[in-house]
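Please read this briefing alongside the sequence and the model displayed with it.

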Amino acid sequence: MTVSNDRPMQAEPTESALRNALRRREAPEGFADRVWARVAEPDSRKPIGTRRESWLRIFAVPLARWAAAAAVCVALVVGGIYYRNVQRERAQGEAAKQQLILALRIAGSKLQVAKSKIHQINANRVATDQSESHEEKE
Amino acid sequence: MAELISAEQFPAAAEGDFAGIVRRYQAMVYSIALHFLADPSASEEVAQDVFLQLHANLSRLKSEEHVKFWLRKVTSHRCIDWQRRRRPQAVSLEDAPDPPALNRAEDPWLSRRLRQLVASLPEKPRLIVILRYQEDMDAEDIAEVLAMPIATVKSHLQRSLAMLRAKAARAIGEVTI
């Protein structure tokens with residue numbers, strides 16, 4: 001290996017150079033004592049960043065997983081039954097509404113017929129009265 | 001300790017010898033974190049967290065070898081977690097930034113330069129290089145620790161070495177390897 005500028009490189013990124021560069025370093029002074037202090041202090045045992053996911057650890061227990069799965073199944077079944085009932089009630093309400101509209105239409109048409117008959121009777125009566133009065137005058 | 005006791009007895013013995021375990025493996029754990037994160041205070045915090053997690057999981061461990069494997073694995077994952085919290089975006093091997101040009105007068109040691117170059121690699125290749133050359137692990141063991149195929153480890157290793165040579169050539173000068 002050569003280097004362009006005057007100073008020769010003693011090594012290159014070969015395996016031995018990498019081994020030398022990445023050799024183990026001693027941990028800082030008092031490292032073990034600080035670990036012990038954290039072990040002895042319950043609040044600091046939990047590493048930072050794992051606190052948020054701690055509640056999920058409950059699912060590590062098989063019974064909890066089965067219970068959660070059963071709860072989801074029950075919720076799905078109950079939800080399905082509730083949804084079906086709501087749909088059925090809605091359909092019944094819609095049918096009753098259609099029946100009511102039909103009944104109102106029939107009643108309306110009957111009223112129209114009765115009204116036109118009354119008008120016809122009244123018109124006939126007026127015509128009869130007028131002809132009778134003409135005859136009396138004559 | 002581990003050679004003389006059974007897997008069932010190991011957790012209790014390890015609990016009693018936890019200080020000894022910390023002493024035996026503190027350099028390994030701290031060095032993996034330091035070479036990965038290139039930050040002494042962050043590395044100490046990660047290393048402390050790893051040993052706290054070890055203390056909480058001693059009952060699951062079966063032997064001294066298992067402890068060593070577990071420590072390497074958890075340290076690797078914690079380093080990646082730390083890195084992602086600090087710098088969320090991932091970079092590909094090719095897109096990894098070059099380290100700043102190295103000043104020969106201020107930094108005469110090749111080892112230091114190589115550590116800088118290693119620290120500039122993307123996270124997975126960096127971990128693989130650290131486990132290969134710091135811990136002298138073979139590709140199979142690295143694959144087990146990092147839960148990835150052996151072929152992927154070998155590929156990362158080859159590409160990382162090529163990348164390190166290229167980066168060294170650019171950072172140091174015209175290096176012929």
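Predicted model: local features only at pLDDT ≥ 70, side-chain atom pairs only at ≥ 80, totals over all residues.

Chain B has 8 helices and 0 strands, and helix α6 (residues 123-133) of chain B is largely enclosed by the rest of the structure.

**Confidence in chain A**

- The mean pLDDT of chain A is 82, with 81% of its residues reaching 70 or more.
- Among the elements of chain A, the lowest mean pLDDT (84) belongs to helix α1 (residues 15-21), while the highest (92) belongs to helix α3 (residues 62-137).
- Residues 1-12 of chain A have a pLDDT below 50, and this stretch has 25 contacts in the model beyond near neighbours in sequence.

**Make-up of chain B**

- Along the sequence, chain B reads α-α-α-α-α-α-α-α, and 34% of its 177 residues count as buried.
- Among contacts in chain B between residues at least 6 apart in sequence, 66% join residues at least 24 apart.

**Helix α6 of chain B and its contact with α7**

- Because 9 of the 11 residues of α6(B) are buried, this helix is largely enclosed by the rest of the structure; the buried residues include Pro125(B), Arg126(B), Val129(B), Ile130(B) and Tyr133(B).
- The axes of α6(B) and helix α7 (residues 139-146) of chain B come within 10 Å and cross at roughly 130°, which makes α6(B) oblique to α7(B).
- The crossing of α6(B) past α7(B) is right-handed, and the contact is made by Leu127(B), Ile128(B), Leu131(B) and Arg132(B) on the α6(B) side and by Ile142(B), Val145(B) and Leu146(B) on the α7(B) side.
- By class, this contact of α6(B) with α7(B) has 6 nonpolar residues, no polar residues and 1 charged residue.

**Two loop residues with positive phi**

- Most residues other than glycine have a negative phi, which is the background for the two residues that follow.
- Asp136(B), placed in the loop between α6 and α7 of chain B, has a phi near 55°, a positive value in a residue other than glycine.
- Asp136(B) is exposed, because 10 other C-beta atoms lie within 10 Å and a residue with 12 or fewer counts as exposed.
- Ala147(B), placed in the loop between α7 and α8 (150-172) of chain B, also has a positive phi, near 55°, and with 9 C-beta neighbours inside 10 Å it counts as exposed.

Definitions and conventions. Residues numbered from 1 in each chain as written. Chains lettered and ligands numbered in written order. Buried ≥ 20, exposed ≤ 12 C-beta atoms within 10 Å, placed from the backbone. Helix = DSSP H or I, 4+ residues; strand = E, 2+ residues; numbered from the N terminus. Axes fitted to C-alpha atoms, helices over the stretch in contact; angles between N-to-C directions. Parallel < 35°, antiparallel > 145°, perpendicular 65-115°, else oblique. Left-handed = near helix turned anticlockwise from the far one by under 90°. Contact = placed C-beta atoms within 7 Å. Nonpolar A, V, L, I, M, F, W, Y, C, P; charged D, E, K, R; others polar. pLDDT = per-residue confidence, 0-100.
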